[in-house]
Every structure is written in C-alpha cells, then in structure tokens.
Amino acid sequence: MRVAMIGTGYVGLVSGTCFSEFGHTVICVDKNPDRISALQRGEIPIFEPGLEDLVDRNVKAGRLSFTQDIKAAVDGADAVFIAVGTPSRRGDGEADLSYVYAAAKEIAQAMNGFTLVVTKSTVPVGTGREVERIIRETRPDADFEVASNPEFLREGAAIEDFMRPDRVVCGAQSERSREILRNLYRPLYLNETPILFTELETAELIKYAANAFLAMKITFINEVADLCERVKVNVQDVARGIGLDGRIGSKFLHAGPGYGGSCFPKDTLALVATGRKYQAPLRIIETVIDINDRRKRHMADKIIGACGDSVAGKTVAVLGLTFKPETDDMRDSPSLDIVPTLQAAGATVRAYDPEGIPEAKKLLKDVVWCSDAYDAANGADALAILTEWNQFRALDLRRLKTLLKQPLMVDLRNIYKPAEMQQAGFTYHSIGRPVVAPKASG
Ligand code: NAD
C-alpha cells in the first residue's frame with residue numbers, strides 16, 4: 001500500500017519507518033526543513049534505539065522517503081496518517097489541535113482518489129469528526145474517510161512496541177476503511193496481535209484513558225513510597241507484593257520522581273479538560289495531576305534535605321536529565337523542575353546525560369555540562385540520579401567516593417540497593433526506602 005505520514009517526530013518517523021519495514025511504500029512529510037534535509041542525508045533527528053538502521057535499510061530498499069512537499073506524498077496515497085504534535089494549550093490544558101487541523105486542510109488540498117485519513121496523533125473525542133468536516137469544507141468533491149489509530153509506542157522502545165504491540169486500536173467508519181487498516185497491519189495478524197475495531201470516538205478516548213490510568217498507577221505507588229519512608233518499609237517489596245496480583249500487575253509500579261515526558265502530563269490535562277467540557281469531571285485524574293506537579297518540586301527539597309537542609313554554596317552532581325532513559329526527549333522532564341529549584345536554593349549544578357544534553361541546553365541555564373558521570377561528580381557535595389540510564393546502574397563507587405567531597409547519593413530511581421551503598425561507605429537516600437549511612441568503623 002502507499003502511505004503518507006504527516007509529521008516525522010517520535011511517532012511519525014517510527015510509524016512511517018515500521019510501515020515501510022512491513023513492505024508498504026511510505027513517504028514521510030514534515031514542514032520543518034532542517035528535519036527533512038537531515039533525513040534525506042541519512043541523519044536521524046531524534047535519538048531512538050535501532051531507528052537509524054531501520055531507516056537506512058528501508059530507504060535503500062526504495063520503500064521509504066522524505067519530503068517537505070505534502071502534495072507529492074498525499075497524491076495517490078491509500079492512507080494518510082496525521083502524526084503531528086498535540087501539545088497542551090496554555091492556560092486551559094486542552095490539547096492544541098491547530099497542527100492537526102492545519103494538516104487536515106493541507107491533506108484535503110493534495111488528495112486524489114479515495115484516501116483514508118487516519119489520525120495517529122493523540123486527539124480528544126470529536127477531533128476525527130472535525131478533521132472530516134475540515135476536509136469536506138476544503139474539498140467538497142473529495143473521496144475520503146477519516147479513521148482514528150492512536151499510537152501506544154514508548155520512546156526508547158518504540159520500534160519493538162510498534163512491531164510487537166499489545167494491541168492495535170482502529171476507529172473506523174466502514175468496511176472499506178477497516179480493510180485498508182487490516183492490510184496496513186497485516187504482518188501483525190501473523191503474530192496474533194489483537195486488533196480492536198471501534199467507532200472513531202471510542203478509539204480517541206481509549207488512548208487518553210490508557211495514559212491517564214498509567215499516570216494514576218505511577219502516582220499511586222509514588223504516594224505509597226512516601227508512606228513507606230515514614231513507616232520504614234521498602235516500597236519495592238510492597239510493589240512486588242501487590243504486583244503479583246494479576247488484577248494489579250507489576251508494571252508501572254516503580255516509585256520515582258513523578259511522571260514526565262511528552263505524553264502523560266499533557267494527556268492527563270487534556271482528558272480532564274474533556275471531562276469538564278462534557279460535565280463528567282475526572283476528579284481522580286485531577287488529583288493525580290496535582291500530586292505529580294507537587295512531587296517534582298518536592299524532589300528538589302528531598303535533595304536539599306539530604307544535603308543538610310541547605311545547598312547554598314554547594315555543588316550537586318545530577319545524572320540524567322531526560323524524562324526516561326534511551327531517549328533525548330526532555331519534554332516535561334522532572335529535571336526541568338528539580339535543577340532550577342536547586343539553583344534557586346544556591347546550588348551549582350554539574351550535569352550529565354548520555355543523550356539529552358543538546359536539548360537540555362535549550363531549557364536549562366547556568367548548568368556546568370559534564371562529559372560523563374565521573375566528571376559530574378568531580379568536587380560535588382552530593383550526587384543525584386534523576387534518570388535510570390543503564391550506564392548509571394554500575395558506577396564505580398570507589399572512584400565516585402574519591403571524586404565527591406563527601407559520599408552522599410540521592411537516587412530518585414532506586415537503581416542501587418541500600419545495603420550495597422552502606423557497604424560502599426555512602427550515605428544513601430532513595431525513594432520509599434530507609435535512608436542508610438555508612439556503618440561507624442571500629
Ligand atoms: P513531535 O513534536 O516529536 O513531532 C511532530 C512533528 O510534526 C514535528 O516534526 C513537526 O514539525 C511536524 N508537523 C507539525 N505540523 C505539520 C504539518 N502541517 N505538516 C508536516 N509536519 C508537521 O511529536 P510526537 O512526540 O511524535 O507526537 C506526535 C503525536 O503522537 C502527539 O499527538 C503525541 O501525543 C502522540 N504520541 C506520542 C508518543 C511519544 O512517545 N512521543 C507516543 C504515543 C502518541
């Protein structure tokens with residue numbers, strides 16, 4: 001099949017590339033000229049493991065190409081996917097749909113012959129109908145249908161998620177549309193991936209309900225972690241004890257500094273806005289948002305507390321800035337709250353992230369950028385782990401001890417074991433677990 005993918009961000013580029021890997025002919029479009037020139041030169045503008053090889057292979061096979069010319073991509077396509085951003089609108093938290101609607105208009109002007117227009121972007125209930133209205137208004141003669149195919153991939157594991165998803169959700173309006181979507185996802189039928197066909201609006205809501213539920217699950221274990229600290233219980237034991245219950249499940253029960261990233265913060269806000277609009281308030285999600293916002297700020301206080309209630313004139317080494325490992329995405333990362341709060345309290349921050357520094361430089365000021373974890377620790381009064389990159393999981397603790405002014409670590413991702421850190425001579429603070437200090441010798 002011929003596919004046009006509008007938007008080459010984390011979702012558009014991965015989805016377009018994976019569709020070409022399935023054997024379809026895919027043209028990816030972006031209005032950002034730098035992005036398209038980079039892709040045409042064979043450079044990948046985002047960090048996503050495995051993507052470069054997959055793009056290269058499919059470009060060489062002639063199934064994948066990149067253009068700024070939407071007409072060239074859409075003209076003759078069987079399916080056109082909209083994968084543009086839907087950020088939070090300032091002020092009211094509603095999803096900003098201006099990019100989606102602008103794309104719909106441009107698609108309408110370019111389409112030729114029957115075209116299935118599919119929203120892959122995360123969009124509120126009713127957006128698909130509005131896309132349909134815009135296309136109809138722009139091109140009354142057009143032969144098209146609109147479908148919704150929300151994307152569930154996770155950055156950092158995006159290719160695996162697209163190729164082996166838990167499910168594919170398709171909101172489609174006719175057998176003709178369903179058949180096109182079935183053909184597009186045919187390789188997934190072979191491994192028996194559940195493909196759920198629904199109404200347009202149902203598919204739109206499934207995506208928000210899924211993300212809100214996951215944000216709630218993280219927030220739940222974060223609050224339990226706070227209680228664990230008070231009652232001297234290890235939250236990881238509690239998480240295991242409840243996670244083995246099949247009704248609860250063990251995933252998304254890792255206590256940490258609060259969720260961030262390009263999806264949960266904006267999607268929870270947008271779902272709450274939809275609830276208000278239809279007089280069906282989602283009070284539980286409103287609370288989740290509030291708790292999570294406070295938590296990110298509270299994490300800086302935790303680091304300050306570990307430093308003896310003041311970081312004035314002190315240096316804090318920060319390891320990890322992205323909202324999670326294996327991505328360069330800094331959107332709504334907890335580090336964006338934590339680092340400025342530490343600086344406002346008088347700390348100098350020395351920071352290192354394996355992939356996030358170019359993006360972080362645009363968002364954080366007055367940080368001493370470091371070349372690795374040991375460079376960051378050099379001369380610092382404390383070391384804080386904000387993101388659980390694999391390379392931070394097995395640091396040379398002896399070396400760290402010689403570099404730090406004092407052996408103090410605040411691990412907001414629980415990647416070390418308290419007993420191990422005590423053994424290594426560190427004062428060690430983590431999330432939802434007792435603080436340990438080095439054993440007095442002699
Ligand atoms: P992104 O910001 O990384 O990329 C969006 C791209 O669209 C940009 O490159 C932009 O230049 C381009 N664009 C905007 N308007 C355009 C137009 N009219 N024509 C051509 N290109 C245009 O966004 P993203 O992270 O890929 O997210 C896209 C959508 O997918 C959002 O709705 C998001 O909520 C959803 N989503 C994201 C993820 C994720 O992990 N990032 C996961 C699932 C769903």
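Contact here means heavy atoms within 4.5 Å. On that basis, among contacts in the protein chain between residues at least 6 apart in sequence, 71% join residues at least 24 apart. The model is predicted: local features need pLDDT of at least 70, side-chain atom pairs count only at pLDDT 80 or more, and totals for chains, interfaces and linings use all residues. Residues are numbered from 1 along each chain as its sequence is written, and side-chain values use heavy atoms, with hydrogens and water left out.

**Overall architecture**

- The protein chain comprises 18 helices and 14 strands, where helices (H or I, at least four residues) and strands (E, at least two) are DSSP runs numbered from the N terminus.
- Its radius of gyration, taken over C-alpha atoms, is 24 Å, close to the 22 Å that the globule rule gives for 442 residues, so the chain is as compact as a globular protein of that length. The globule rule is 2.2 Å times the number of residues to the power 0.38.
- The C-alpha trace spans about 85 × 50 × 45 Å along its principal axes.
- Of the 442 residues, 53% are buried (under 20% relative accessible area; exposed is over 50% and partly exposed in between, with a 1.4 Å probe and protein chains only).

**Packing of α10 and α13**

- Helix α10 (residues 200-231) packs with helix α13 (residues 283-306) at an angle of about 50°, and their axes are 10 Å apart. Axes are lines fitted to C-alpha atoms, for helices over the stretch in contact, and angles run from 0 to 180 degrees between N-to-C directions.
- That angle makes α10 oblique to α13, given that angles under 35 degrees count as roughly parallel, over 145 as roughly antiparallel, 65 to 115 as roughly perpendicular and the rest as oblique.
- From α10, residues including Ala-212, Met-216, Asn-222 and Glu-229 take part in the contact, and from α13, residues including Ile-284, Val-288, Arg-295 and Lys-302.
- By class, this contact has 7 nonpolar, 2 polar and 5 charged residues (Ala, Val, Leu, Ile, Met, Phe, Trp, Tyr, Cys and Pro count as nonpolar, Asp, Glu, Lys and Arg as charged, and the others, Gly among them, as polar).

**Two individual residues**

- Ser-15 lies in helix α1 (residues 10-21) and is buried, at 0% relative accessibility.
- Not counting residues up to four places away in sequence, Ser-15 touches Met-5, Lys-120, Glu-151, Leu-153 and Phe-162.
- Leu-336 belongs to helix α14 (residues 335-344) and is partly exposed, with a relative accessible area of 25%.
- Leaving aside neighbours within four places in sequence, Leu-336 is in contact with Met-330, Leu-363 and Leu-364.
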